[in-house]
Amino acid sequence: MNPLKIEDLSGIQGDILLNGFPKKAEVFSFFTIRATQQFCQTIQTVASSKIATGKDIKDLREQISKLPKGQIIDVAKTNIAFTSGGLTKLSNSQRSLQRGLNGLQNSAPSFVVGMQNETEREALGDPVFSNWNLNQNGGGSIDGVLIVAGIKMETVQAELKNVYSQLNKGGEAVIELFKEIGVERASQPGHEHFGFNDGISHPQVFGINNSPSLTFQLDDVVQPKDTSNFVDPGVIVVGRHGDENNPKPQWMTDGSFLVFRKLEQHVGKWNDFVVNKWKDAGSSGPAQFGAQLMGRWQSGCPIHIQDQRDDSTLALRNDFDYGGLTKQGKCPLAAHIRKAHIRTGFNSTRIMRRGIPYGDDFRNGQPDVGRGLLFACYQSTIENGYRFIQTAWANQPGFPTGDAGLDVTIGQGKATDPPSPFQIGTKSVNINPINDFVTAKGGEYFFAPSMKVLRAGFNIENLEAKL
Ligand code: HEM
């Protein structure tokens, strides 16, 4: 399979690589397709005029890197992704796509059945998303999602309207069912609702992040000097070098699978827990205990580097490993960032996270619901990426050793499972199998096709050979 070069970014949707869309506001707009033939027509124009490519985002980030501090570029960028049901619907109008979907149940089984399939739901440990996909606006299946992001919400909403009107030029091809709205927290920019700096550690991609033509600094994260944070492009992008073990239909080349999850955060419960339990854990105070659960202090400072106090000068350090899968060090084995990324050089499970918080800040005495994280991530194989991290690591108190504990942030078990101890050195604190702090409220699996497929309106006949 081919490596990926920086020139190839013009064929890949823009939110996938190079830290994705610059954003403080984002809308995930879930739609159903009403007229497949018309949609296959209008998407061709929309692909050229509205869907941001990786090159567009590289150029935008380069422009931003040259701006004087405090200045912004007020634009909104759009991507699009489809459910398995959405692709099947489109294949009614595009015979070539019908053939293209053959065998997908073997190469992308979770995608094909969807996140709320009973077996899948059980495997993830999810509740039923009873209040999420009610399809408010007249009903219909979720066929896809428009992802629109920018700095100002008004610009984002206006762009979304624009995209829908172009998709519906000449008749109603598609309608919005409902949307999820994410905004950066004004009180703590860049921090999720539990108060921790988020969006620091992303894998770098061979051919892209080390390209000599990437002439500007992407962010201020301190990466390892060696290539230990690099992944083959095929870990994220379908059909590229590194995706050899999970072959998918050829038309999917240069696409990526998107996992979306609406994760409600119970901030009051988290705060009470760290305040009430830090002594049992042998920690020096609630702040240290919180950092031990997460693996970084609130500033982002890795506990593996500094375990005594938060040090914001270390916030963006990403140049560390834990010295081995089971080596007890300063960072507990079950800390969220350690469970989700073991840092042993085993890199096929890496994902590109693109989440954003939703809801207002928590205030004491107010209901502990209605806020959280719109979690989104890209990978070339859901079974290796999101799904593996969730089911084989976060949900398993026995990973990486028998007594490590559940990932307190995202781990979820069965009501019948016994509470599991979260191990910190020689001490431990019991965690309920049903996660008290984060509740999955909704979510789905999507596929974000290449620009070629979108520009061809899903007529993949001529693309199979060319890709
Ligand atoms: C409400 C839910 C979640 C919260 C509050 C949360 C919070 C955080 C924070 C604060 C970080 C550290 C900052 C950073 O490196 O970006 C982080 C890192 C990370 N999270 Fe989450 N997260 C959540 C859900 C998830 C889910 C569902 C997954 C995947 C199954 C996940 C996977 C990761 C990964 C892979 C990292 C990077 C670890 C590293 O490379 O060191 N997170 N998360």
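Buried residues make up 49% of the 467 residues in this protein; buried means that 20 or more other C-beta atoms, placed from the backbone, lie within 10 Å of the residue's own. The model is predicted, so local features need pLDDT of at least 70 and side-chain atom pairs count only at pLDDT 80 or more, while totals for chains, interfaces and linings use all residues. Residues are numbered from 1 along each chain as its sequence is written.

Let me turn to the core. The largest nonpolar core has 119 residues; such a core is a set of buried Ala, Val, Leu, Ile, Met, Phe, Trp, Tyr and Cys residues joined through C-beta atoms within 7 Å. Ile 236, Leu 258, Val 259 and Phe 446 have the most contacts inside that core. Leaving aside neighbours within four places in sequence, Phe 446 is in contact with residues including Phe 82, Val 145, Leu 258 and Phe 260, contact meaning C-beta atoms, placed from the backbone, within 7 Å.

Next, the ligand. Of the 28 residues around the ligand, Phe 196, Ile 200, Ser 201, Ala 340 and His 341 come nearest, where a residue counts as near if its C-beta atom, placed from the backbone, lies within 6 Å. The shell divides into 15 nonpolar, 9 polar and 4 charged residues; Ala, Val, Leu, Ile, Met, Phe, Trp, Tyr, Cys and Pro count as nonpolar, Asp, Glu, Lys and Arg as charged, and the others, Gly among them, as polar. Which element gives the largest share of the shell? That is α12, with 4 residues; helices are DSSP runs of H or I, at least four residues, numbered from the N terminus.

Key
Helices (H or I, at least four residues) and strands (E, at least two) are DSSP runs, numbered from the N terminus. A residue is buried if 20 or more other C-beta atoms lie within 10 Å of its own, exposed if 12 or fewer, and partly exposed in between; C-beta atoms are placed from the backbone. Two residues are in contact if their C-beta atoms, placed from the backbone, lie within 7 Å.
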